[in-house]
There are 2 protein chains.
Amino acid sequence: MASHILGKIDLARFQFIEKQRGNNDSPASKTEVENYGKNDCKLEDEINFLNAIPKQREEYDEFGQGYWKNLSLYNASGVAEDSQYRDAQTCVPTEYMNNCPTIQRLINEVFNSKYLRMVRARNLIDGMVMPHRDFVELETNVRYYRVFIAIEKNLESFHSDESGVFQMQPGEVWFLDAAIDHAAINFSTNSRMFLCFDFVLEHGIDERVIFNQNADIDFEAQPTYISREPMNEITKERIIANVSGLMNKYTFRDLVFTLSKFHFTHKLTVREAYDWLIEAAKRTNDDDLVIKSQQMKRYLIEHREINERFTINSWAA
Amino acid sequence: MASHILGKIDLARFQFIEKQRGNNDSPASKTEVENYGKNDCKLEDEINFLNAIPKQREEYDEFGQGYWKNLSLYNASGVAEDSQYRDAQTCVPTEYMNNCPTIQRLINEVFNSKYLRMVRARNLIDGMVMPHRDFVELETNVRYYRVFIAIEKNLESFHSDESGVFQMQPGEVWFLDAAIDHAAINFSTNSRMFLCFDFVLEHGIDERVIFNQNADIDFEAQPTYISREPMNEITKERIIANVSGLMNKYTFRDLVFTLSKFHFTHKLTVREAYDWLIEAAKRTNDDDLVIKSQQMKRYLIEHREINERFTINSWAA
């Protein structure tokens, strides 16, 4: 099952005011002066508060680029620094919630606390994560169910999976299927804050149990899928040839990022980048590049051993 | 004046033991078991301690890639979180020094505290910084003088400037001229810890005043410059054509990183990447790409207005 929209909340109930600005006219850190009083834009104030919290942990990820943030809003311990999901029965607010009453109200009004295990605030700015699958190794007699809500408008921010490229609009609640090929990008330097909810459901139960019964959800909301240009075989061939002409051990990862971007704008599958990568590597006549590109495809989208660690920039000496 | 070696300390005096390993056979986080007792390798223990400290601040830098670390060991306040250089007369150890007695002894034995203003531990793993100059805006009636000491061996780590590509060997003390075009890279996932010293000197004074008079320095130490392959015009032209064929707003930065890497392996100037970038952009017939590449060259290596902020991924809407 691909990712799909579940419904939409009216964020105006949570003091969300759509900003009138170009896609890219301000850096993420800039505080904008808008034409409304301070008390009218609580959600934006809270997003600014969350964006200003320093990153707690080292999160260098060689498969991602750009600025990532992952803040624990509700978790098993209530400790803000505790940002890793684990199986537990409790789900309590962290100290960040003291400064985010509107977000807390949203969480409490909309979602069924019975199934909720964790809430995080996630931002991705000026970056992407390469196409990959998540290989979940937790117990499988329950169903792990992840949901995103976009709480900012960002026209340069996209997700992709086998169903296409989509843009989560403010207030939309999406089920995110991380077990199939997927990727995410924010081409801009503007903030793109999401709330990420982890639920544990019984198998076979209707997914709408995650919502409170009196939550005001528009279940007819339609998703925004992006219309992409087709790409003909000549262009594909040219891209592979160009990448091959630039590829060596040192440029390899930059070119993986380059290739990963085309499917956001052109009608290609998420995983096609890896097939092109392998073909480009073969044309270099450097066996290390061929092996690395094949290993990378396997590791990121096909199969991973338990605790397997794969590193792009470790090459045989 | 380009960067140059000032001398060499015998790191064996500071329990440095050269590790016998391949270039790339272990990730940075792995603790290696070596054939010597724990008390024999103090410098390595202290490096491991420093590498394990979580990053304090958000340091997203769009002109860099990989994992960066910048830890304050001595500064004006003695507060570890205070990692920005500023003019001050005091230079006192931070709390990190409690766990780094060998590094502290090295600093005290080798350097003249009269001129010393700041010491930082710096690491760059699996990453690079694009070719650039630093445009220092501090007062100019004194001379800011920056020195690096490599305290780990890393065969995949390089610096570059107008004099070529060089590799700082363990114990070597280097003057770093950041006011000319320069770049740095660690192609590997292994640690490459440096100590970075900031001095303030009077103009015209001999640079060796930074050392204590009884410091045991080998002033005859010879630098390691890397022999690079020449690159003919046909290859240059092919690289430009390949980059042009892949370039759009979304792949632009990945391709800047790609181009920035060739001068580490081939006999090219540090800044040549930007000329190729501009030429590749012109061939796309996309004016935004041409303007961006020209602005980027100016901002990074030619001229910058006071407080000017330039962002790669902000494009006209």
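## A walk through a two-chain model

Let's start where the chains meet: 98% of the interface residues of chain B are also interface residues in chain A, so the copies meet through the same surface. Contact, here and below, means heavy atoms within 4.5 Å. This is a predicted model, so a few ground rules apply: local features need pLDDT of at least 70, side-chain atom pairs count only at pLDDT 80 or more, and totals for chains, interfaces and linings use all residues. Residues are numbered from 1 along each chain as its sequence is written, chains are lettered from A and ligands numbered from 1 in the order in which they are written, and side-chain values use heavy atoms, with hydrogens and water left out.

How do the copies relate?

Now take chain A by itself. It has six helices and twelve strands, which are DSSP runs numbered from the N terminus (helices: H or I, at least four residues; strands: E, at least two). Of its 317 residues, 55% count as buried; buried means under 20% relative accessible area, exposed over 50%, and partly exposed in between, with a 1.4 Å probe and protein chains only. Among the contacts in chain A with a separation of 6 or more, 78% are between residues 24 or more positions apart.

Next, go inside. In soluble globular proteins, nonpolar side chains tend to be buried together. A nonpolar core is a set of buried Ala, Val, Leu, Ile, Met, Phe, Trp, Tyr and Cys residues joined through side-chain atoms within 4.5 Å. The largest one here has 74 residues, and Met296(A) and Met296(B) have the most contacts inside it. Leaving out residues up to four places away in sequence, Met296(A) touches Phe63(A), Met130(A), Phe252(A), Val256(A), Tyr274(A), Phe310(A) and Ile312(A). A second, separate core of 41 residues includes Leu43(B), Met97(B), Phe197(B) and Phe211(B).

Tyr274(A) leads us on to helix α5. Eight of the eleven residues of this helix (residues 272–282) of chain A are buried, so it is largely enclosed by the rest of the structure. Among the buried ones are Tyr274(A), Trp276(A), Leu277(A) and Ile278(A). The cover over them includes β4 (116–132), α3 (233–246), α4 (252–265) and α6 (287–302) of chain A.

Most residues other than glycine have a negative phi, and most peptide bonds are trans. Asp126(A), though not a glycine, has a positive phi of about 55°. Asp126(A) sits in strand β4 and is buried at 2% relative accessibility. Asn285(A), also not a glycine, has a positive phi near 60°. Asn285(A) lies in the loop between α5 and α6, where it counts as exposed at 69% relative accessibility.

What about the aromatic rings? Over all chains there are 34 aromatic pairs. Rings of Phe, Tyr and Trp (its six-membered ring) pair if their centres lie within 6.5 Å; planes under 30 degrees apart count as stacked, over 60 as edge-to-face and the rest as tilted. The rings of Phe166(A) and Tyr225(A) have centres 5.6 Å apart and planes at 50°, so this pair is tilted. The pair links distant parts of the chain, with Phe166(A) in strand β7 and Tyr225(A) in strand β12, 59 residues apart. Phe166(A) is buried at 1% relative accessible area, while Tyr225(A) is partly exposed at 35%.

Finally, hop over to chain B. Glu152(B) is in the loop between β5 (143–150) and β6 (157–161), and is buried at 8% relative accessible area. Its side chain makes a polar contact with the side chain of Ser191(B) at 2.5 Å, and reaches the backbone nitrogen of Arg192(B) at 3.4 Å. A polar contact is a pair of N or O atoms within 3.5 Å; within protein, one must be able to donate a hydrogen and the other to accept it, and residues adjacent in sequence count only if both atoms are side-chain atoms. Thr311(B), in the segment after α6, touches Thr189(A) as well as Glu62(B) and Lys292(B), not counting residues up to four places away in sequence.
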